[in-house]
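This report concerns the contact between two chains. The sequence and structure come first.

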2 protein chains.
Amino acid sequence: MTGQRRVIARVLSDADDHPDVEELYRRASVLDSRISVATVYRTVRLLEEKGILERRDFGGGRARYEATEHGRHHYHLIDVDNGKVIEFEDQEHEELMRRVAERLGFDFVSMRLELFGRKRTVQQEAKAPQPSKRKGAAS
Amino acid sequence: MTGQRRVIARVLSDADDHPDVEELYRRASVLDSRISVATVYRTVRLLEEKGILERRDFGGGRARYEATEHGRHHYHLIDVDNGKVIEFEDQEHEELMRRVAERLGFDFVSMRLELFGRKRTVQQEAKAPQPSKRKGAAS
DNA sequence: GTATGTGCAAAATGTTTGCAAGCCG
DNA sequence: CGGCTTGCAAACATTTTGCACATAC
């Protein structure tokens, strides 16, 4: 347990969003400016292998991370207009997928589910100000 | 409509699996050896924008493609031991997700669902010959 | 003191792009 | 011909890695 890992672990457990490596690096740098990106990459990989962290891919090319929650699972709805992530639960879902896997002759290992949606507004603005190309916001 | 696009379109419509760009390039090269990877990238992007192709991410870092199917949707189960992809249908699924989006105040745009599983064998070989790290097979 | 972790910069990987040349209609 | 398409190689973005140095225990 080195200082750097302690700091990165701290940042991760404090986070209630889904930061990517660059964001983790930024936050960790505030607490200890002599941390390098390479160490962040190495640490998240380590923590993922240990099952402490989970890697997510919400599109946009970079991996994002969140602490593993033991017990109730949750899924993600991504707002296609601003990249914001909303978490939701769906009790029946995993059980349903377990049955699908079984039907196909497989043991369920894991699943990935992401929902993409657009905020439902009162005046369904016909020409919403689409934030253009590939600059997804955090969360 | 140039020769190259014709060839690439051909390869795509002939494919009943989920090739990545490298694989498409390989198959296209057989039919016309003077096609470049750049053209394959440009063509799949074009076809995706036109809604003819769909890009998938089954993990492993590279995008994979399959022809858009109008009508019944299907999902994918990835065999974690060899990367093979099995397609399956689940009638109720999309309707379920539409309701979830609605409950959260969103209009459903699209969803992503992947199931990861391991083949259920008779003699659950305790130490299966895991094909090591990151060399997912085709399909 | 030794195994392990780190910083840095270079390499690897997958994808995109600028540009000059080529093909299509 | 005039514009869209190509090939090539260079540029990109993210992630990994080799190596010498630093740190933990």
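The model is predicted, and local features are reported only where pLDDT is at least 70.

**Extent of the interface**

The size of an interface is often given as the accessible area lost when the parts come together. Here chain B and chain A bury about 3,200 Å² between them, and 60% of that area lies on carbon and sulfur atoms. Within chain B, the residues that lose the most area to chain A are F106(B), R112(B) and R120(B), which together account for 23% of what that side buries. In terms of contact, 36 residues come from chain B and 36 residues from chain A.

Polar contacts across the interface of chain B and chain A number 16 residue pairs, with both residues at pLDDT 80 or more. On the side of chain B that touches chain A, the elements giving two or more residues are β3 (75-79), β4 (85-88), α4 (91-103) and β5 (106-119) of chain B. Of these, β5(B) gives the most, with 14 residues. Sorted by class, that side of chain B has 17 nonpolar, six polar and 13 charged residues.

**Strand pairing**

Strand β5 of chain A (residues 106-119) pairs with β5(B) in the antiparallel sense, over 13 bridges. Within this pairing, S110(A) stands opposite F116(B), and G117(A) stands opposite F108(B).

Inside chain A, strand β3 (residues 75-79) runs parallel to β5(A), and four bridges join the two. There, H76(A) has E114(A) of β5(A) as its bridge partner. The side chain of E114(A) also reaches across to chain B, where E114(A) meets R112(B) in a salt bridge. R112(B) is one of the residues of chain B that lose the most area to chain A.

**Relation of the two copies**

Two copies of a chain are related by a rotation about an axis and a shift along it. Chain B is superposed on chain A by a rotation of 179° with 0.0 Å of shift along its axis, at an RMSD of 0.2 Å. The two copies are therefore related as by a two-fold rotation axis. The same surface serves both copies, since 100% of the contact residues of chain B recur in chain A. Among the residues of chain B, L113(B) comes closest to the rotation axis, its C-alpha lying at 2.2 Å.

**Salt bridges**

Over all chains the structure holds 34 salt bridges, and six are found across the interface of chain B and chain A. The table gives two examples.

| E114(A) | R112(B) | 2.9 Å |

Key: Residues are numbered from 1 along each chain as its sequence is written. Chains are lettered from A and ligands numbered from 1 in the order in which they are written. Side-chain values use heavy atoms; hydrogens and water are left out. Contact means heavy atoms within 4.5 Å. Buried area is the accessible area (1.4 Å probe) that two parts lose on being put together, summed over both. A salt bridge is a side-chain nitrogen of Lys or Arg within 4 Å of a carboxyl oxygen of Asp or Glu. A polar contact is a pair of N or O atoms within 3.5 Å; within protein, one must be able to donate a hydrogen and the other to accept it, and residues adjacent in sequence count only if both atoms are side-chain atoms. Ala, Val, Leu, Ile, Met, Phe, Trp, Tyr, Cys and Pro count as nonpolar, Asp, Glu, Lys and Arg as charged, and the others, Gly among them, as polar. Two strands pair if DSSP finds at least two bridges between them. Copies are superposed by least squares on the C-alpha atoms of residues with pLDDT of at least 70 in both.
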